[in-house]
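Here is a short note to read beside the model. Please keep the 3D view open and take the points in order.

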Amino acid sequence: MPSYILTLSCPNRIGIVAAVAGFLAERQGDILESAQFDDRASGRFFMRVRFEIEAGEDELNRAFAPVAEGFRMEWLLADAGRRPRLLILVSKFGHCLNDLLYRYGSGLVKADIAAVVSNHRDFYRLAASYDVPFHHLPVTAETKAVQERKILELVEEERIDCVVLARYMQILSRDLCVALSGRAINIHHSFLPSFKGAAPYTQAHARGVKLIGATAHYVTPDLDEGPIIEQDVVRVDHTMTPDDLMAAGRDVECSVLARAVRFHIERRVLPNGNRTVVFR
């Protein structure tokens, strides 16, 4: 039976859950998973429902539109059986790329990796080992606009649903950030803003840091300040060298980015201003 995921947010009021459940019940829909959150601070209600139903996507969209209008919903209905398409951007640190490709090859990432793009050639063999096309798009200050246009062309040609910056060490232009709004995820260490620039782990070691971590967030024109999707930390101690800290940091970056990508492609992340609601 066809399955779908409905996500929505709207001003909170009585009857939202009943209206959604009633809509599905009238059409013999079977709810498989449901989660909701009432944000008292913003006065908005958020909901995610996965269900099976003998109906087409266009038919459901037309039928649900009046319900959504009545509650002033921002909503999206998606075919749960469709595999999202990912584009991965990477530079010279390959740990997150390697982790995502392994999960993809093992069937743990329920998506198709359409291509890998890099401003260096280091990982073309790694991509090829998973039969993923590799695009070498070098970039300089003079060629940045042209290079970013090629990235956007790939996004359109490959019908990309999500762009993953897997340690892509380039600052995206404002235009590219806007074009990819809500569908580009970045990962970085969680020292920001304490240790910026080169050698953050050396700086952290010199300060005797006891926790290191990683943050995955949506890309916005405000560098590294987009809505956070997922974070995690690991404990470190005085016996560890800067290289040990870097190795631990790379491990946590991999796991945090993988979870953020999974939450996004399973439509578990709903925007809430500068924050996100994540239905785990």
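1. Start with the open sheet: its 7 strands follow the order E7-E6-E5-E8-E9-E10-E11, with mixed pairing. Strands here are DSSP runs of at least two residues and helices (H or I) runs of at least four, numbered from the N terminus; two strands pair if DSSP finds at least two bridges between them. At the edges sit strand E7 (134-136) and strand E11 (228-235), each pairing on one side only. Neighbouring strands of the sheet are turned by 20° against each other on average, direction ignored.

2. A word on the basis: this is a predicted model, in which local features need pLDDT of at least 70 and side-chain atom pairs count only at pLDDT 80 or more, while totals for chains, interfaces and linings use all residues. Residues are numbered from 1 along each chain as its sequence is written, and side-chain values use heavy atoms, with hydrogens and water left out.

3. Inside the sheet, have a look at strand E5 (residues 85-90) and strand E6 (residues 112-118), which pair in the parallel sense over 6 bridges. Ile-88 stands opposite Val-116 in E6.

4. Which helices lie across these strands? Helix H3 (residues 95-105) lies across E5, E6, strand E8 (162-165) and strand E9 (184-189), at about 160° to E6. H8 lies across E5, E8, E9, strand E10 (211-218) and E11, at about 150° to E11. Contact means heavy atoms within 4.5 Å; axes are lines fitted to C-alpha atoms, for helices over the stretch in contact, and angles run from 0 to 180 degrees between N-to-C directions.

5. Helix H8 (residues 242-265) has 24 residues and reaches 34 Å from its first C-alpha to its last, close to the 34 Å expected (1.5 Å times one less than its number of residues). Arg-267 follows H8 and has a positive phi, near 55°.

6. Further on, strand E12 (residues 269-272) and strand E13 (residues 275-278) run antiparallel, joined by 4 bridges. Leu-270 has Val-277 in E13 as its bridge partner. The two strands form a hairpin with 2 residues between them, and Gly-273 in the turn has a positive phi of about 70°.

7. Finally, helix H1 (residues 16-26) and helix H2 (residues 57-71) pack at about 165°, with axes 11 Å apart. H1 and H2 are therefore roughly antiparallel (the word covers angles over 145 degrees). Their contact includes Ile-16 and Phe-23 of H1, and Leu-60 and Phe-71 of H2.

How values were computed:
Angles under 35 degrees count as roughly parallel, over 145 as roughly antiparallel, 65 to 115 as roughly perpendicular and the rest as oblique.
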